[in-house]
2 protein chains.
Amino acid sequence: MPGVTAIPALDLSHHLSLEARQRRPNAMKMLWRLTKRKPNMISLGTGDPHYSLYPIKAVHYEVASTAEDVEDPVSAWREASSSSSSSAPTQWFSSSRDEPTSIPLKTAMAYSAGAGLPEAQRAVTSLTQHYHSPPGDHVCTLTLGNMDGVTKLFRLLGSPGDHFLADEFSFNALTNAPLSHGISWVPVKIDKGGLVPEELERIMEEWEESVHGKRPHVLYTVPSGQNPTGCTLSVERRKRIYELCHRYDIMIIEDDPYYSLQYADEELSEDSRHLLMPSFLSMDVDGRVLRVDSFSKIMMPGMRLGWITSSQFFHEHLVTLNDSSTQHPHAFGQIFVTEMLSSSGWQLEGFDKWTRSLRREYQRRRDIFLEHFEKEVASTGYASAERPQAGMFVWIKVHIRQHPRYRCDVRDTLKSPMRSNVPELMDELFEQCLDAGLVVMPGSIFVAPASESTLKLVERGVPIQDRVNFLRTTFAGEEALMQPALVILGQVLKEFFQK
Amino acid sequence: MPGVTAIPALDLSHHLSLEARQRRPNAMKMLWRLTKRKPNMISLGTGDPHYSLYPIKAVHYEVASTAEDVEDPVSAWREASSSSSSSAPTQWFSSSRDEPTSIPLKTAMAYSAGAGLPEAQRAVTSLTQHYHSPPGDHVCTLTLGNMDGVTKLFRLLGSPGDHFLADEFSFNALTNAPLSHGISWVPVKIDKGGLVPEELERIMEEWEESVHGKRPHVLYTVPSGQNPTGCTLSVERRKRIYELCHRYDIMIIEDDPYYSLQYADEELSEDSRHLLMPSFLSMDVDGRVLRVDSFSKIMMPGMRLGWITSSQFFHEHLVTLNDSSTQHPHAFGQIFVTEMLSSSGWQLEGFDKWTRSLRREYQRRRDIFLEHFEKEVASTGYASAERPQAGMFVWIKVHIRQHPRYRCDVRDTLKSPMRSNVPELMDELFEQCLDAGLVVMPGSIFVAPASESTLKLVERGVPIQDRVNFLRTTFAGEEALMQPALVILGQVLKEFFQK
């Protein structure tokens with residue numbers, strides 16, 4: 001990052017997947033660079049259509065204003081978008097063919113490099129620098145959103161037969177993705193503070209290659225407002241986990257879409273940074289962190305643009321992977337973020353104001369949700385929940401042992417020492433919620449699938465099948481429906497436990 | 001496709017890659033569908049931010065008008081974009097939070113399905129239906145542009161150890177991409193009419209699994225204005241190739257970005273279709289064609305949106321692949337194409353008018369280019385070129401055997417029966433072009449890399465290393481620079497051959 005005396009990264013090239021080692025940079029692009037050796041070269045080389053034939057003259061985005069006179073942009077915006085009578089101040093992010101703008105339209109709409117347009121790269125770099133100040137020689141690579149970023153990192157680091165560590169409950173779509181190319185998961189126990197460092201240490205200490213296979217060399221984790229549990233790692237745990245990853249030579253994929261949505265019971269501050277947990281990136285002296293950022297939760301998911309921050313080495317491999325798969329991201333999103341952070345857009349100050357205001361908004365929703373939860377659900381005595389310090393999820397624990405049909409003696413010795421009927425009971429509860437008109441996500445679908453060979457190592461104590469007595473709920477949805485939803489949940493629980 | 005009595009596709013499921021067979025659909029999405037079973041469900045299930053918090057009110061694209069009074073939209077547009085004094089009529093494609101539009105902004109900006117938004121899918125389906133009328137039960141899947149589409153198909157069909165057939169000269173970035181996951185190429189000879197069907201037949205007939213490995217089951221080809229050779233397959237060749245693929249059970253990846261840029265020496269017609277070659281898709285009774293379409297060459301490359309048309313079976317696998325890699329495409333592009341083809345946009349008529357006009361424009365450029373080429377280059381006697389019937393490329397043949405230092409007795413028996421110094425001479429020529437300030441693409445970089453085991457089978461007659469005496473040039477670039485570029489090329493050739 002500019003302006004920092006960068007700590008040189010360790011040589012971590014042995015973490016590359018077989019595929020990444022075999023992937024060759026695009027010869028066209030290499031040749032292309034070669035041809036820039038003289039000024040005023042005439043080119044008959046590319047296959048680009050001529051920019052005068054792009055049928056577009058301007059792109060305009062009308063967005064919420066974060067100007068000085070708008071103190072709390074999100075609440076004004078929310079009211080305006082929910083009612084047709086009120087309005088909130090707006091401003092424009094634009095790119096034009098004929099007017100000077102931060103990215104000229106004709107450049108943005110042409111083919112570009114796998115890392116993204118330099119202007120857009122600089123824009124996201126300014127965010128990373130502001131919030132994380134990584135100590136090393138880190139570089140940003142644009143992605144097509146969080147899923148694209150994380151799955152590309154799985155490709156970059158994972159070869160068939162590899163083991164990746166993950167929070168034992170993880171977002172299913174992501175842990176599902178690398179299974180088909182032969183990656184196995186090693187789930188690490190989490191408690192209400194998130195991933196338990198001692199468990200990570202125990203697994204690495206007790207790992208035997210002859211029994212369990214190749215040692216895990218990647219940890220995939222969501223440090224703030226974890227999906228699905230809503231947990232946030234404390235500073236102490238983050239430091240401890242980083243140390244362990246250093247000790248056992250583990251790469252960290254830090255997937256942090258809820259970073260900006262960390263709640264605190266303090267007043268809005270002019271500088272957000274002291275409210276936000278230090279990221280793994282911020283402590284990455286080794287160059288072992290690959291941080292994935294997303295605009296989906298703080299702007300809009302349909303934007304499909306995000307970025308990865310990594311050491312220069314992994315950046316170069318990511319660019320090669322981009323060049324040989326999706327290519328660079330779309331111009332529309334690159335224009336949006338570049339204009340957003342430019343002097344004619346929100347700038348960093350406006351972005352920070354928006355996310356501060358958004359944080360307050362979600363915190364308000366969280367508190368309303370939990371208030372209804374206490375009254376309608378917790379009061380039944382059949383369920384409880386922790387107050388999430390970040391993100392969008394409340395992870396509801398169902399007190400399943402109180403169920404009259406609960407059994408814990410259903411043995412299935414092949415797989416694990418103890419086996420209860422918790423999964424079956426939770427399935428019943430899920431069905432009863434659906435029948436009553438309520439959609440919640442059953443905990444069971446978030447169980448990171450452990451490989452057979454590591455099951456015994458991973459599962460000390462109560463196996464995870466017997467701990468799936470959770471429901472993932474969100475306070476990000478329709479505000480007016482929170483109470484009716486939780487009323488249904490309370491009623492369903494009562495019927496479920498009492499009948 | 002709607003409105004057609006679809007021919008049911010053959011069962012071609014054995015063509016799926018190992019990875020595709022092992023890939024599991026996203027459990028969240030499956031569960032999600034399950035929860036739609038009743039109306040008025042209340043959801044606490046998703047992780048979507050609330051749409052009232054998307055900081056965007058409207059997206060506007062100011063584009064070239066294709067209204068009735070604009071007869072030849074491209075030439076008016078080109079003049080306006082090249083000079084600041086003139087202007088061309090414009091119209092707007094817009095999506096708004098508060099006004100009714102073809103895709104409501106709040107839907108477009110949310111998470112959606114791997115196939116794309118239904119509205120955008122319908123838009124591209126209408127194009128496919130109009131131009132190709134596929135006979136089978138074909139479905140469109142949105143992609144993030146041509147490279148994303150083609151490389152996803154490579155993933156869908158290719159397992160390590162597989163062989164894919166391709167034009168012997170192919171776009172390097174694409175043939176490069178699947179090498180790292182263990183796909184080998186089997187280059188098929190091309191002549192000035194493109195891929196030679198008899199060569200395809202010979203290779204398949206002479207293939208021995210014990211010698212050459214797994215039989216090729218995929219043909220990757222660019223049928224119109226092929227990159228880099230500019231060749232276009234005749235109707236007869238297309239039919240013959242399709243028949244051969246049926247006989248040998250080969251899937252066809254039809255990569256056709258230059259489809260709309262097919263030139264004819266006829267007047268502009270109100271209906272383009274009779275000027276355009278029938279695509280492989282249009283004859284696909286088996287469901288073995290996976291057609292890749294792109295807006296990059298006819299709109300703008302930075303758009304990064306395209307689509308694949310395939311049988312329902314492969315569509316479903318593509319959606320699963322999208323869901324577990326990039327996710328659905330960005331809203332911005334989906335809004336653009338949906339609004340473009342909607343009643344408030346260009347509609348199909350306007351799109352066809354634009355592409356007809358664009359065709360005329362590139363044809364004009366082609367003819368100017370070839371005129372200068374005749375005068376400045378062909379006149380030297382050291383090079384010649386065919387007139388391309390489609391696309392953007394002129395594939396210049398250098399008459400290398402006339403070079404005083406040409407030799408064809410440099411034997412390298414390990415690799416091939418005959419070995420000349422053509423590659424070395426062409427490298428010299430390339431360097432001399434660069435030194436003179438001209439960028440052209442050397443033919444050698446487009447050689448599809450044949451695996452060792454198939455080299456003897458593939459290379460009958462003169463091996464490809466001895467036939468790399470080509471330069472890829474384009475007439476899509478700066479018009480005013482065509483002549484100076486070709487003057488340089490003529491001079492360099494003279495020096496190269498005479499010194």
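Author: Happy to! Let's begin at the contact between the chains: 118 residues of chain B and 118 residues of chain A take part in it. Keep in mind as you look that this is a predicted model.

The size of an interface is often given as the accessible area lost when the parts come together. Here the area buried between chain B and chain A is about 9900 Å², and carbon and sulfur atoms give 62% of it.

Next, how do the two chains relate to each other? Two copies of a chain are related by a rotation about an axis and a shift along it. In this model, chain B is superposed on chain A by a rotation of 180 degrees with 0.0 Å of shift along the axis, and the RMSD is 0.1 Å. The two copies are thus related as by a two-fold rotation axis. To find that axis in your viewer, go to His60(B): its C-alpha is the one in chain B nearest the axis, at 2.5 Å. Both copies use the same surface, since 100% of the contact residues of chain B recur in chain A.

Some side chains are worth a look for charges over rings. Within chain B, Lys106(B) lies over the face of Tyr51(B), 3.9 Å from the centre of the ring.

Now for the rings themselves. A pair of aromatic rings is described by the distance of the centres and the angle of the planes. Over all chains, the count comes to 49 aromatic pairs. One of them is formed by Phe154(A) and Tyr220(A), edge-to-face with 5.6 Å from centre to centre and 80 degrees between the planes. This pair links distant parts of the chain: Phe154(A) belongs to helix α6 of chain A and Tyr220(A) to strand β9 of chain A, 66 residues apart. Phe154(A) and Tyr220(A) are both buried.

For another example, turn to Phe169(B) and Trp395(B). Their ring centres are 5.1 Å apart and their planes stand at 65 degrees, so the pair is edge-to-face. Phe169(B) lies in the loop between β5 and α7 of chain B, while Trp395(B) is in strand β14 of chain B, 226 residues apart. Phe169(B) counts as buried because its relative accessibility is 3%, and Trp395(B) counts as buried at 10%.

Ring pairs also build a cluster with members from both chains, including Tyr61(A), Phe93(A), Trp346(A), Tyr61(B), Phe93(B) and Trp346(B).

Let's finish with one helix, α8 of chain B, residues 197–206. This helix is mostly covered, with 7 of its 10 residues buried. Among the buried ones are Pro197(B), Leu200(B), Ile203(B) and Met204(B). The buried residues of α8(B) pack against several elements of chain B, including β5, β6 and α10.

Terms used
Residues are numbered from 1 along each chain as its sequence is written. Chains are lettered from A and ligands numbered from 1 in the order in which they are written. This is a predicted model: local features need pLDDT of at least 70, side-chain atom pairs count only at pLDDT 80 or more; totals for chains, interfaces and linings use all residues. Side-chain values use heavy atoms; hydrogens and water are left out. Buried means under 20% relative accessible area, exposed over 50%, partly exposed in between (1.4 Å probe, protein chains only). Helices (H or I, at least four residues) and strands (E, at least two) are DSSP runs, numbered from the N terminus. Contact means heavy atoms within 4.5 Å. Rings of Phe, Tyr and Trp (its six-membered ring) pair if their centres lie within 6.5 Å; planes under 30 degrees apart count as stacked, over 60 as edge-to-face and the rest as tilted. A charge sits over a ring if NZ of Lys or CZ of Arg is within 6 Å of the ring centre and within 35 degrees of the ring normal. Copies are superposed by least squares on the C-alpha atoms of residues with pLDDT of at least 70 in both. Buried area is the accessible area (1.4 Å probe) that two parts lose on being put together, summed over both.
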